[in-house]
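Hello,

Here is the structure I promised to pass on to you. Please open it alongside this message, and then read on for what turned up when I went through it.

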Amino acid sequence: MFCFTVGWSLPVSISIHAQNIAATPPLTIGNTKQLFVDDHIIDTRKSVEFVMNRPHPTGEKLIVADQPFEKGGQIYLYSSVLKDQDGKIKIWYDFLRQKSETDPYDHDRHVGYAESLDGIHFHKPNVRIYQVEGSQNNNVVLPSIIGGTSVWIDPIAPKEHRYKTQAKVYPSGKFHMHSSPDGIHWNLYSEIDPRGAYDTQTIIFWDQNQHLSYSRYFIEKKENDSRIYRRRGVRRSILKDYKFLEDTDVVLWPDMTDLQTHTENSQFNPVDYYGATVFPYSETQGLYIMLAQAFWHWDATTEYQGTPPPGTRDIRLAISRDGINFKRVGERKAFISPGLLGRFDSKQIWVMPNPIIMGDEIWFYYCGINWDRAGRTDPMAPQGEKQSAITRAVLRLDGFISMDAPYDQWGEIITHPLIFEGNNLEINIDTGGGGSLRVEILEEDGTPIPGFTLEEAEWIVGNSVRYPARWRNNTPLRNLEGKPIRLRFVFRDAKLYAFQFK
């Protein structure tokens, strides 16, 4: 058994009784990164907890409606971003100019294009494709009938159809897919039969030899002619032949925990999931991240355009190992919140597909606006003006969730048996200035392996996404390659994110 003393003493015993270790088949992980977002690779853990880590919003206005032909309008929610093979960060932004105060669909709309080498300073090239207000001197790449974009790269498509995007078009309401060889010159590619409820920004990507689609699912009903449920959730489908969607599952839906918030003063369900950015996390395999766009409308005391206050949106985090069964994390608290009142992003935010990895960070681009779903402007807005912009929030690499050990006692994690490839072990860890971590390698039955025991492990103290684990006698890790081993992490006052054999 493991024996620990109080205070700052080290573990005084590292022996393990075999019966405390579950007999589970080894996981072949090779040299793929393993994130501590759930218990997938964990056999036992003690005095540690899963903690969601929120990205830091920068507050920058990276893209605004500053073109002459965009006067009187705003950047709107349904935009998208890619880091392309040429290294450029490319954004297709949704522009909206409302023409009618009573008809929300009476508007001018276009998709503008912007690009950047550093992801911060964006240039809007004059592409001269569409005429807007009598001139082709603009950066418009899709006309006003398009309701935003969700641009993605199709790895199985020929070069001329490499880029794709899909959206509901106005005023027909049809679901069109466009394709492009360069992300600038687009042509209609197909009309998709959704075969079910869909709306808003639809996410599509190639995964495990199929095109997966995630879109909003909508149903409305009344209970006892009083309480109205307008439930919006996230629907998973498979895109078949670029022509129709075949349903598989509803993967996120307001459940009873959601519906029981703010029940005392609302005839409406208090929250919907208006859509979600879903993506396989590129740093590992078999991990899907969902950034759900939560829509809050729980106060029925007033109503405007059918939307009770607060009419706000924020971002909630969920994870999955199969793309179907998503687990909400962080006690369902906001992953990214609207900005301070008075700022351009104070009322609604919409995270764009997909986050961009820049060095040792993940950048989440999102559109922020200072009016709510019903058009009510932030009361602290300067001169009461509507404002919007595309901005970003920054998170450390792999930093969605960490296993945190407390200040006053040792935490411990023992993995399932693992079969790895490589001769180095790197740890994504933040110990602050006074915390620490050591790694022990065990036989499959839990016996410490000579040369890799806790007493021989070097201290890990610092903040790094790739901290090398070492042992004092420098026994080659490759001696253990291909055989089942377990890792034992013993740490205090630290955040453990991930590890990887290399």
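Below are my notes, from the whole chain down to single residues.

**The chain as a whole**

Please keep in mind that this is a predicted model. The chain holds 1 helix and 34 strands. Its radius of gyration is 25 Å, close to the 23 Å that the globule rule gives for 502 residues, so the chain is as compact as a globular protein of that length. Along the principal axes, the C-alpha trace spans about 75 × 55 × 45 Å.

Of the 502 residues, 55% are buried. The chain exposes about 21,200 Å², and carbon and sulfur atoms supply 48% of that area. If you take the contacts between residues at least 6 apart in sequence, 64% of them join residues at least 24 apart. As for charge, there are 56 positive and 63 negative charges, and their mean positions are 2 Å apart.

**The largest nonpolar core**

Which residues touch the most other members of the largest nonpolar core? They are Phe489 and Phe499, in a core of 32 residues. Several strands each supply at least two residues of this core: E27 (401-405), E29 (418-420), E30 (425-430), E31 (436-443), E33 (485-492) and E34 (494-501).

Asp404 and Glu49 are 355 residues apart in sequence, yet their C-alpha atoms are 5.4 Å apart in space. Beyond the residues up to four places away in sequence, Asp404 touches Ser47, Val48, Glu49 and Val51, along with Phe491, Ala494 and Lys495.

Asn370 is found in the loop between strand E25 (361-369) and strand E26 (388-396). Although in a loop, Asn370 is buried, with a relative accessible area of 1%. Leaving aside neighbours within four places in sequence, its contacts include Arg343, Phe344, Ser346 and Lys347. Others among them are Arg376, Thr377, Asp378, Ala381, Glu385, Lys386 and Gln387.

Ala318 sits in strand E20 and is buried, with a relative accessible area of 3%. Ala318 and Met290 are 28 residues apart in sequence and 5.0 Å apart from C-alpha to C-alpha. Not counting residues up to four places away in sequence, Ala318 touches Tyr288, Ile289 and Met290, as well as Phe326, Lys327 and Arg328.

Leu82 belongs to strand E6 (residues 74-83) and is buried too, with a relative accessible area of 11%. The C-alpha atoms of Leu82 and Val151 are separated by 7.6 Å, while the two residues are 69 residues apart along the chain. With residues up to four places away in sequence left out, Leu82 touches Lys88, Ile89, Lys90, Trp92, Val151, Trp152, Ile153, Tyr163 and Ile356.

**Backbone points to check**

Most residues other than glycine have a negative phi, and most peptide bonds are trans. With that in mind, here are some spots to look at.

Two peptide bonds are cis. The bond from Pro309 to Pro310 is cis, with omega near 0 degrees, and Pro310 lies in the loop between strand E19 (288-296) and strand E20 (312-320). Pro353 and Asn354 are also joined by a cis peptide bond, with omega about -5 degrees. Asn354 is found in the loop between strand E23 (348-351) and strand E24 (356-358).

Where is Arg332, whose phi is positive at near 70 degrees? Arg332 lies in the loop between strand E21 (326-328) and strand E22 (334-336), and Arg332 is partly exposed, with a relative accessible area of 28%. Asp493 has a positive phi of about 50 degrees, though this residue is not a glycine. Asp493 is placed in the loop between E33 and E34 and is partly exposed, with a relative accessible area of 28%.

Key:
Residues are numbered from 1 along each chain as its sequence is written. This is a predicted model: local features need pLDDT of at least 70, side-chain atom pairs count only at pLDDT 80 or more; totals for chains, interfaces and linings use all residues. Side-chain values use heavy atoms; hydrogens and water are left out. Helices (H or I, at least four residues) and strands (E, at least two) are DSSP runs, numbered from the N terminus. The radius of gyration is taken over C-alpha atoms; the globule rule is 2.2 Å times the number of residues to the power 0.38. Buried means under 20% relative accessible area, exposed over 50%, partly exposed in between (1.4 Å probe, protein chains only). Contact means heavy atoms within 4.5 Å. Accessible areas come from the Shrake-Rupley method with a 1.4 Å probe; for residues, only the protein chains shown count as cover. Lys and Arg count as positive and Asp and Glu as negative; His and the chain ends are not counted. The place of a charge is taken as NZ of Lys, CZ of Arg, CG of Asp or CD of Glu. A nonpolar core is a set of buried Ala, Val, Leu, Ile, Met, Phe, Trp, Tyr and Cys residues joined through side-chain atoms within 4.5 Å.
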